[in-house]
Every structure is written in C-alpha cells, then in structure tokens.
Amino acid sequence: TETASAAPCTITVTNNNNSGAGSLRTAITQANNANNADVICFNISSGSTIISPTSQLPALTQPVTIDGSSQPGFTGTPIIQIAGGSAGGNSVGIWIVGGGSTVQSLSILNFSLNGIIITNSGSNTVIGSYIGINPQGEIGSNGTDGVGILDSPNNTIGGTTTNDRNVVSGNKGNGIGVTGASASGNIIKGNYVGTSPDGLGVRQNNGDGILINNSPNTIIGGDNASPGGSCSGACNLVSGNLVNGVGLWYQSTTNTVVSGNYIGVNVNGAAALANGDIGLEINETANNTAGGTTAAKRNVISGNLGAGIFITGGSAYSNNVLGNYIGTGANGSTRIANHKMGLGIGYSPGIQPAHDNTIGSTASKTPGICDGGCNVISGNNSNGILMSS
C-alpha cells in the first residue's frame, strides 16, 4: 500500500531536471526562503526516477521534510534516487544545517562526500532511506560516511518500523559516523548497516558500521522486538562492514548505550555476516553500557573476524557488558564464532590498559538459566574472556 506523506505537501517536485521550475533544487531554495516548515513532495510521472544534480544541492537551512514516499508508485522501497555522479568534487547528497528537518524514503548515492551530513543543527530525522545503494540494493558508494553527524545533537537515524528503517551500506567511509562533543543525545535505531536490504547479504561500508567519536549520550539500538528471532524493532543490524561493527572512541563518548543489536550476523541471527575486525570496540571511553538485563536489550555479537567485544585504553573504565550473546546465534545455542576472543579487556600497542569494567550481572538471574545480566560467551575461536596487562 502507498504510504501517505507525513504532512500536507507545500512544494512539489514535478521533474528530474537539475534546476528550474519543478526541480528539487528549486524546491529546496523555496523552502529555505520561507518561514514555515515546508513539506517537499514528488510527482514525477509514476514509479522510479533518478535526479542527477550537476553541482551541490542547496543546504537545508530551514526546517523542511523531503518526502520520497509521496512519489506515485511508492510501496515501501525508495523510488526517488538522488545520484551524485555528476555533482562534482566536495559534494554531499543532502546537507542539513538548519535543524528540525526530515529526510524520508530517498535513495542517495555516488556523491563524492557524505550521502547525508548534519552539521551544527539538531532534532533532525532520517528514515526509510537507502544511503549508498540504489533501490535495487546495488552498491553506489558515497565517498565518505553514508550518514555523518557533526557537532549536532538530538538527531534520530531510523525508527522501529520497517518503513522507518534506513539501509546504510556500500559507502567508502563509515556507515554512520557521529563526531564532536556537541553531538550528544543522538539516537540510531532500526537500521541495516553494511548489509543488503533483506539483511541476508553483504554490502560493506569500508569503515566501521557505526562510529561514535567523542560524542556522548548516544543510544544505539534499544529493544529488539523479537529477541531470539529476527532483528526488528529498534534493533540495528550492523554486519558485513570492512572494519568494526560498532566503535565507541575517545573520552567524550560517555554514557552511550548499545543494546538490542545484531552485530556480525544476518537479520535472523542464524549465520555470520562478518565485520572485518571487532564487533564492538570500546576505546579510551568510560561509563558506557553494552546490553541490558532483559532479552530485548541483548546484543548478539558473533561471527566477527576479530574479537566480539574489545575494551582498551587507560580511559576505558566503568563500562558495563551484560546480558549479551557473544559467539552464538540469536537462539543462544548455535555456534557462530568470533574468530578471536569473545571478549578482550586490556591494551592496544602504545596505550595504557583498560581497568575497572564490569562484565556480567546477577540482576534478574534465574537459577540454571543464563538470563538477566548474564552473558553467554561461547563457541569463539580463541579465548572466551582475555584480560591482559
């Protein structure tokens, strides 16, 4: 069924021209010049269409919704494709600087820099979009991160329904990168990062799937709607990426929660879709949480080519790892080995060792069953838990 626009259209794109009346470029310019929160809709004949700008599109400086689901023929998969192959160097697909904007149901690919970048603004939303692949799920790399958030707080990437899910795959940098101490309170949920749209194949990002760099209070995931089954609800599927699945880096990345995600496995949690190194790396950062005490908050971190979880650096303390499956499938019994240790705590060359972290919990534990805060760490190709230095 066709998905209705979130709000009535105020500006309509009627052609795929680079500029002029009815073009996306003109629609963005009109929205920037208005004081109201515009909704840009599409009515370009019917079905799939490609918009190929020949230079950088205007940045979004006022609150606006760009709603690809309004295009006639939309049934859930993006059919408005914004392709940057002719946009030139130093170009991004959609650049948000004004705050309060929504990008919905677009395919954005082949730009020399980010597919979407949010800079110095907050409370933006990206939902239902393919970033780095086309509507058929074929790679069309953006040159850096698929979605970049720079010094911008309280943005939401994804949602808890199928229609809100972003597929952020095939990019030459990270899938989703969040950077800067002002980039606090961001939420990343319900996305497929590094996989095909069905969650069963690899469309790797060439960096980490999700990298949080000196940015506090991020929520990655939430509750998996089908614990023990498929990755749904707020669960992020972060698999198939060239480097780590999820990276938490440096001292400002505090109070981040990584829960209810599948990292290194397919959407069913039944087979490996390996990230090229660590599933979850916590590097020189404190007071973060991986997992939780309910099944819905359990991370499945398995099948990765490095460790499942690695905590490193002298500033890595007071982190909590609880209630996860590390080295098994979503059912907790099928072996899906991380190729190195399940969980490592210690040091990387040239830095001091991690210390004072907590692995596991007795919360809500049922005698004879590993539930609540109990971690299952089994089936890995090296140590279960390795603590060094």
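Guide: A disulfide here is a pair of cysteine sulfur atoms within 2.5 Å. The model is predicted, so local features need pLDDT of at least 70 and side-chain atom pairs count only at pLDDT 80 or more, while totals for chains, interfaces and linings use all residues. Residues are numbered from 1 along each chain as its sequence is written, and side-chain values use heavy atoms, with hydrogens and water left out.

Searching the whole structure gives three disulfides, and when the bonded cysteines are numbered in sequence order, the pairing reads 1-2, 3-4, 5-6. One of them joins C9 to C41, with an S to S distance of 2.0 Å, and its torsion of -85° about the S-S bond makes the link left-handed. This pair links distant parts of the chain, 32 residues apart, with C9 in the segment before β1 (11-13) and C41 in strand β2 (residues 38-42); strands are DSSP runs (E, at least two residues), numbered from the N terminus. For burial, buried means under 20% relative accessible area, exposed over 50%, and partly exposed in between (1.4 Å probe, protein chains only). C9, at 40%, therefore counts as partly exposed, whereas C41, at 2%, counts as buried.

C231 is joined to C235, with S to S 2.0 Å, and this link is left-handed at -105°; C231 is buried at 4%, and C235 is buried at 2%. C370 is joined to C374 at 1.9 Å, and the torsion about that S-S bond is about -100°, so this disulfide is left-handed. Here C370 is partly exposed at 25%, while C374 is buried at 17%.

Definitions and conventions: Helix = DSSP H or I, 4+ residues; strand = E, 2+ residues; numbered from the N terminus.
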